[in-house]
Amino acid sequence: MITCFFIKSSTVDVSKYTIKDLVGSTGRLDVVVRCILSVLLKENEFEKDVQIWTFLDNYGTFIFDSEQLDYRSFPKNELLLADWFKKFIEGKDLENVKNPLNSVKRTEKDIIEAINDFIKIGYEVYILSESGQDFFSYMKEIQTKRKVLFVVGNQTGDFIASEELRDMNLPSLSFGAGSYLASSIIRLIKLYLLT
């Protein structure tokens, strides 16, 4: 199964970034970075055939593809990845040091356009929402799909609740009444679908 995740953030702002206060200085870049790590990492290697697209309103869209990245040089913890991602967002390289994220792709494509493109190339698309249908009742159906896209949304939930997304009539799935971190939802999906 080829699996892709979309996460959107309207708040990420690296202009006041400091590694000493990743949460407070970046508009929640920590959430995005945690999701990237949750999608890509498996014990001692990358997951096969996974991608995460991060839609950052202030900076564009960044595509992390497990088949394009180098596991050996990839920053595997939150602080290191945030530090390199901030430099990558700004287009900075340190002198004589190659950014390990240089194989990450950039695009100006917005999330609705990207969802439509994925539908056109045969992806089954599911919205992850606390108010969605029970994930487990759809699990067997999802496991039969060859290409799946999960839209995680953003920290505030306003994108998931947007009229634009609602008008697409995509199935909305939930892991229950409790609130989960986006990175935890991603790990649960991998646990049930990719093992």
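## Charges, rings and one buried threonine

Glu 45 and Lys 48 make a salt bridge, with 3.9 Å between their closest N and O atoms. That only just gets in, because the cut-off for such a pair is 4 Å. Glu 45 is partly exposed at 31% relative accessible area, while Lys 48 counts as exposed at 53%. Keep in mind that this is a predicted model.

**Salt bridges**

In total there are 11 salt bridges in the structure. Side chains of opposite charge can pair when their charged atoms come close. Besides the pair above, here are two others worth a look, starting with the one between Glu 78 and Arg 34, whose side chains meet at 3.2 Å, N to O. This pair connects distant parts of the chain: Glu 78 belongs to helix 3 (residues 78-89) and Arg 34 to helix 2 (residues 29-40), 44 residues apart. Glu 78 has a relative accessibility of 24%, so it counts as partly exposed.

Then there is Glu 90 with Lys 86, where the closest N and O atoms are 2.9 Å apart. Which of these two partners is buried, and which partly exposed? Lys 86 counts as buried, at 16% relative accessibility, since the limit for buried is under 20%. Glu 90, at 33%, is partly exposed. Some salt bridges also share partners, and in that way Arg 28, Asp 30, Arg 34 and Glu 78 are joined into one network.

| Salt bridge | Closest N to O distance |
|---|---|
| Glu 45 and Lys 48 | 3.9 Å |
| Glu 90 and Lys 86 | 2.9 Å |

**Aromatic rings**

The structure holds 17 aromatic pairs. One of them is Phe 6 with Trp 53, a tilted pair with 5.3 Å centre to centre and 35° between the planes. Phe 6 sits in strand 1 (residues 2-9) and Trp 53 in strand 4 (residues 50-56), so the pair ties together parts that are 47 residues apart in sequence. Phe 6 is buried, with a relative accessible area of 0%, and Trp 53 is buried too, at 9%.

Phe 6 has another ring partner in Phe 118: this pair is edge-to-face, 5.2 Å centre to centre with 80° between the planes. How many residues apart in sequence are the parts that Phe 6 and Phe 118 tie together? The answer is 112, because Phe 6 lies in strand 1 and Phe 118 in helix 4 (residues 111-120). Both of these Phe residues are buried. Zoom out a bit and you get a cluster, in which ring pairs link Phe 6, Trp 53, Phe 55, Phe 118 and Tyr 123.

**Charges over rings**

Two lysines bring the charge and ring themes together. Lys 76 lies over the face of Tyr 71, 4.4 Å from the ring centre. Lys 87 puts its charged end over the ring of Trp 84, at 5.2 Å from the centre.

**Thr 3**

What does Thr 3 contact, leaving aside its neighbours within four places in sequence? The list is Asp 49, Val 50, Gln 51, Val 148, Phe 150 and Leu 194.

Technical notes
Residues are numbered from 1 along each chain as its sequence is written. This is a predicted model: local features need pLDDT of at least 70, side-chain atom pairs count only at pLDDT 80 or more; totals for chains, interfaces and linings use all residues. Side-chain values use heavy atoms; hydrogens and water are left out. Helices (H or I, at least four residues) and strands (E, at least two) are DSSP runs, numbered from the N terminus. Buried means under 20% relative accessible area, exposed over 50%, partly exposed in between (1.4 Å probe, protein chains only). Rings of Phe, Tyr and Trp (its six-membered ring) pair if their centres lie within 6.5 Å; planes under 30 degrees apart count as stacked, over 60 as edge-to-face and the rest as tilted. A charge sits over a ring if NZ of Lys or CZ of Arg is within 6 Å of the ring centre and within 35 degrees of the ring normal. Contact means heavy atoms within 4.5 Å.
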